[in-house]
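Q: I have a model with two chains open in my viewer. Could you walk me through how to read it?

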2 protein chains.
Amino acid sequence: MTDTLKDRVAIIGAGCTKFGDNFDASYEDMVVEAAFAAFADAGIGPERVEAAWLGTYSPYGGNGKASVSLADALRLYDRPITRVENYCATGTDAFRNAAMAVASGLYEVALVVGAEKLKDRPMRGLGREGNHPYKGDGLTAPGMMAMFANRYMHRFGIGRDVLAKVAVKNHHNGSMNPRAHFQMEVTEDQVLKAPIIAWPYGLFDCCPTTDGAAAVVICRAELARQFRDDYVLVKGIGMAVRSGRPWYDPCDEHIGYPATVEAARSAYQMAGISDPVKELDLAEVHDCFTWPEISHYEDLGFCRKGEGAHFIAEGRSALGGDLPVNPSGGLKSFGHPIGASGVRMIFEVVTQLRGQAERRQVPNADLGLVHNLGGPGAVACVVVLGNP
Amino acid sequence: MTDTLKDRVAIIGAGCTKFGDNFDASYEDMVVEAAFAAFADAGIGPERVEAAWLGTYSPYGGNGKASVSLADALRLYDRPITRVENYCATGTDAFRNAAMAVASGLYEVALVVGAEKLKDRPMRGLGREGNHPYKGDGLTAPGMMAMFANRYMHRFGIGRDVLAKVAVKNHHNGSMNPRAHFQMEVTEDQVLKAPIIAWPYGLFDCCPTTDGAAAVVICRAELARQFRDDYVLVKGIGMAVRSGRPWYDPCDEHIGYPATVEAARSAYQMAGISDPVKELDLAEVHDCFTWPEISHYEDLGFCRKGEGAHFIAEGRSALGGDLPVNPSGGLKSFGHPIGASGVRMIFEVVTQLRGQAERRQVPNADLGLVHNLGGPGAVACVVVLGNP
């Protein structure tokens, strides 16, 4: 019998840069902006931080940024700083490790930063084959994620128009978010007529290459009220890793992500959730491409396998629907600076739970979900956050 | 007031490959060998592992190995696996995160693996300038570590002969270790006459480029006796990060590593150690080059700053001395597969505390220290382990 993390860790501050082509900001500039926004939000100075976690994916191929870069950017010296990397689930896993450390009692207050600078030099893997873990299979990220989408579309008889509805919804949400990379609406027709990247994905089925950073300050739950009344509690965390080469697994039907199913099962158990659509008020899920969001509806238990097309088509995941998904605009429209995304999703859910999401606010949001997916769908991390 | 980790986490199994030019073993082969040795040592199967941490430094430039590689190598699916990277302190920081997670109560049994494959393709940074965080300063690892050594030697008026004594001691110890990369003695004369790599370091002042993996199984301390009687307890952990560019700090005298001083202070406080030479029975310290070991004697409080030359010259750190340092042979002779080293040091201390170190056994070893240093001396992690 193991303990849970439920109600033992609180988020007392959150910050996030504008996501986009941040050519005028260095990696350190973005880290400083996000972290000091989180400090200001928590009403603390950096000296109150006892330990920090940095989620960043591509430091040596890209920018050479790891624990010492966070120390230097924030002048946060003589304290422990851990770099966590877990493919595109880097941000939530950094948060998870920080939350467990606080729950262990070793630290009262900790900082989690997710950051990535993808625009300064070409990113490997996304759009072309590079020095990448999957290169043995000759796969790019869009190509890899497209194989699953094609299989699913064949199996359930859906077309590209269903995928396009995800892009339309998330661009609509992102158009109301001042921090989103793309703050523009797109029509289903525009999505369908865009140049193909990897069939069935056209340009608007893919998330962009983005710079950005996000940060949260967490503390032991029993201390949270010292910092603010409207803190947010960790209700559940679940994580699961599967094979890095799922296409070799004859038992996998390739119509979804079993890692997400397992991560959600474990997070729901911890949070005491039995009916996610009824109990959750919003969800930020990993829409690196349009089809995965449809699969996530199913893998996260919002509907049954094969019913995701109805979930989007009936507007159930739209703002105002049964369970708004990606009110922030999602990776699709907010952008996806890899290590930053999970922490940015947490930032959005905190903003929604506090009722500060302005035009994209989900009314009376009280319980929200964050879902990060990494590798070829092999790594999933689910975090459930709620008001006290 | 924060809690401590003291006596809350136990090591119940440890495994380690032969370190060296492991051209006949893949990264996965080494991970499997180390992890299954640790499972066998703990008397468990992999299914008992609830969560895992992988410490590996150079996956994308080198081998593309992160969390999913551990899942695939061990068929350890549907569980959380985190990759931690913290320069050369990667192994101990992976252990630290796993220990905090177990102390949080979330897992009963967890696995920590450190692994690196450095020989299959040229390593960047070590010996030549590469795509490396320090490249802006034009520094290689030997060159960077040599600057500090030159400053220290100038300040305290010592010669290369003092550094050579560290190489002689650690090669002697390694000659008695069947897992060490170099199992050969060297003489002071051989060390002094070897080709210069970066003054004052000759070839035998530098640790080798090595392949290897090590693993430990940890559990909640109160469950340890279910697995074995001679388990080992975590007594203290301390970690500190400083600036990645210490040479720009006018307040730093560059005669030691302040991160180590802070990490040791914090670990000693947790473990209740006031006189490390009297209380510790052995120490595995980060001798990536010979001079750093001399600095570590001082920074870890074994003697005062400037007295390290006497500590080595008088044999106080030799097997049979006041406080044997690197009985395993150290990085110098055992080798330094970056992410593996910290976990390998923990393996050595566990072996010594159980009295299983054969010809290099420290008699009645009851309390041992592990010290990992990363970056340009900017990251230090200290772990104190003891018998129940």
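A: Contact means heavy atoms within 4.5 Å, and here 57 residues of chain A are in contact with 57 residues of chain B. The model is predicted: local features need pLDDT of at least 70 and side-chain atom pairs count only at pLDDT 80 or more, while totals for chains, interfaces and linings use all residues. Residues are numbered from 1 along each chain as its sequence is written, chains are lettered from A and ligands numbered from 1 in the order in which they are written, and side-chain values use heavy atoms, leaving out hydrogens and water.

Q: How much area do chain A and chain B bury between them?

A: Buried area is the accessible area (1.4 Å probe) that two parts lose on being put together, summed over both. For chain A and chain B that comes to about 4,500 Å², with 47% of it on carbon and sulfur atoms.

Q: How many salt bridges cross the interface of chain A and chain B?

A: A salt bridge is a side-chain nitrogen of Lys or Arg within 4 Å of a carboxyl oxygen of Asp or Glu. The rule finds 4 across this interface. One salt bridge pairs Arg83(A) with Glu85(B), whose closest N and O atoms are 2.9 Å apart.

Q: Which parts of chain A supply the side that touches chain B?

A: Helices (H or I, at least four residues) and strands (E, at least two) are DSSP runs, numbered from the N terminus. Those giving at least two residues each to this side of chain A include strand S3 (81-85), helix H4 (90-103) and helix H8 (258-271). H4(A) contributes the largest share, 6 residues.

Q: How does S3(A) run relative to strand S3 of chain B?

A: Two strands pair if DSSP finds at least two bridges between them. In this case 3 bridges join S3(A) to S3(B), and the strands run antiparallel. Glu85(A) has Arg83(B) as its bridge partner.

Q: What rotation superposes chain A on chain B?

A: Copies are superposed by least squares on the C-alpha atoms of residues with pLDDT of at least 70 in both. The rotation is 180° with 0.0 Å of shift along its axis, and the RMSD is 0.0 Å. The two copies are therefore related as by a two-fold rotation axis. Ser104(A) is the residue of chain A that comes closest to that axis, at 1.9 Å (C-alpha).

Q: Which backbone details deserve a look?

A: Most residues other than glycine have a negative phi, and most peptide bonds are trans. The bond from Trp199(A) to Pro200(A) is cis, with omega near 10°. Arg75(A), in the loop between H3 and S3 of chain A, has a positive phi near 50°.
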